[in-house]
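Work through the exercises below with the sequence and the coordinates open. Each task is followed by a solution in steps.

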Amino acid sequence: MAGVRVIDMATVVMGPYAAQVLGDLGADVIKIESPKDTVRHGTLHRTPGMTPLNLNVNRNKRSVRLNLKDEADRERALELIGTADILITNMRIGALRRLGMDYESLAPGNPRLVYAHAQGFRPDSDRADLAAYDETVQAASGLLDLARRAGDIGRPVVLPSIFADKVAALTIAYSTLAALVHQRATGQGQLVEVPMADTLLAFNLVEHLQGQLYEPPMGPTGFALSMNKGHRARPTKDGLVMIIPYTPQNFRDLFCAAGRPDLAEDPRLAGEFVDSRRDGEALAELVESVTPNLTTAEWIEVCSKHSIPVGPVLELDQAADDPYVRDGHLLDVAEHPSEGSYRVVGVPMTFSATPASVRRHAPLPGQHTEEVLAELGRDA
């Protein structure tokens, strides 16, 4: 994406993470900083404003501090946007209109602009003005309902990750790339709207629509394998492991390896497939009763030999020492100009011809204001 300019006029995680992905791919990303961006607030930092979350979502960017309520600064921001291929923002539409920075206001002066607008709910819905946070979108997308049903608990907790923000961010990234392909072919920009709730609902329904896909419905929602209450880490002789046998042969091989060939004769394993909705939980209990017979390493060896899905349970505090993480350069140590030594979350994909890279550490607030405005021919 070298030669593509992206203006990141977004706060917190969703928009900035999308812009960071484009930056990792080579784009020139200019972040128009808001002095109230909560991603810079937190108790963990060496320099004020340089929090772990900020360092993780604002790399490969240049930071320009502009007060959009100030007329002169707003004019500078508009001039910067005029040089861009892509604008990413999650400001509310009313505020954008008051600033003259909504798509309808900007498109006539920059018809090539790909304008990505992200918000919690569709702008044409009765929820358009609701303040949206990851937790509320997890609820609105059905994710909490799935957690309640799978865990059989009355008050389910949210997934312990800012899941909705990051799924929406990745959706913004690939949507703007598609619009950029169109722009390159036709010279025409466009408005791309990514509502968080719609994005996460579509994401969840890929597998969980199930019987409700048909009209009239043939059954309830919920993908049986994912809703299986036995879908959990298994105890081993020395720790935990995630073993998920899928086929009858997987179960038979597992029981034999555990020294229980008698369980391999279970009639529920005699067919070509396992009925997860009917037998999944009962079979999971049998699996859990035998996994303590071997160590985690022994189970990984057994499962590798018999093609049974398996994975070690990574403790995040130990991630930097994990051979898989280390060998994949997923948490390398780097030197930040102001923060010193810190661990950089690696770029997770590889390209044979155009490798992605971390070229810039996350900037201090407004660090590149003079540099960027000078490129506009202004006296900073």
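**Exercise 1.** How do the residues of the lining of the second largest pocket divide into nonpolar, polar and charged?

*Solution.* The conventions come before the steps. This is a predicted model, in which local features need pLDDT of at least 70 and side-chain atom pairs count only at pLDDT 80 or more, while totals for chains, interfaces and linings use all residues. Residues are numbered from 1 along each chain as its sequence is written, and side-chain values use heavy atoms, with hydrogens and water left out.

Step 1. On a 1 Å grid over the protein atoms alone, a pocket is an open set of points with protein on both sides within 12 Å along at least five of seven lines, whereas a cavity is a set of points where a 1.4 Å probe fits but cannot get out; lining residues have an atom within 4 Å of a point. Grid points are joined across faces, edges and corners, and a volume is the space filled by probe spheres set on the points.

Step 2. Sort by class. Ala, Val, Leu, Ile, Met, Phe, Trp, Tyr, Cys and Pro count as nonpolar, Asp, Glu, Lys and Arg as charged, and the others, Gly among them, as polar. The lining of the second largest pocket then gives 13 nonpolar, 4 polar and 4 charged residues.

Step 3. Locate the pocket. Its volume is about 640 Å³. Of its 21 lining residues, Pro52, Asn56, Leu331, Arg343 and Val345 lie nearest the centre. Helices (H or I, at least four residues) and strands (E, at least two) are DSSP runs, numbered from the N terminus.

**Exercise 2.** Which residues line the second largest cavity?

*Solution.* Step 1. List the lining: Leu55, Asn56, Arg59, Tyr342, Val344, Val345 and Val358. The elements giving two or more residues to the lining of this cavity are α2 (52-57) and β11 (340-345).

Step 1. The largest share, 3 residues, comes from β11.

Step 2. Strand β10 (residues 331-336) pairs with β11 in the antiparallel sense over 6 bridges; two strands pair if DSSP finds at least two bridges between them. In this pairing Val344 of β11 is the bridge partner of Asp332. A hairpin is formed by β10 and β11, with 3 residues between them.

**Exercise 3.** What is the volume of the largest pocket, and which element gives the largest share of its lining?

*Solution.* Step 1. The volume is about 1400 Å³ for the largest pocket. It is lined by 45 residues, and the closest to its centre are Thr11, Val12, Asn90, Met91 and Arg92.

Step 1. At least two lining residues each come from β2 (28-33), α4 (93-99), β5 (114-119) and α6 (134-140). The largest share, 5 residues, belongs to α4.

Step 2. The class count for the lining of the largest pocket is 25 nonpolar, 10 polar and 10 charged residues.

**Exercise 4.** How many cavities of 30 Å³ or more does a search of the whole structure find, and what lines the largest cavity?

*Solution.* Step 1. The search returns 2 cavities, and the largest cavity has a volume of about 120 Å³. Its lining has 14 residues, with Leu225, Asn228, Pro245, Phe251 and Gly280 the closest to the centre.

Step 1. Helix α12 (residues 276-290) supplies the largest share of this lining, 5 residues. By class, the lining of the largest cavity has 9 nonpolar, 4 polar and 1 charged residues.

**Exercise 5.** Why is one side of β7 and of β9 left without a neighbour in the sheet?

*Solution.* Step 1. Write the order: β7-β8-β9, an open sheet of 3 strands with antiparallel pairing. Because β7 (234-235) and β9 (310-312) stand at the edges, each with a single partner strand, one side of each has no neighbour in the sheet.

Step 1. Check one pair. Strand β8 (residues 240-243) is joined to β7 by 2 bridges and runs antiparallel to that strand. Arg234 has Val241 in β8 as its bridge partner.
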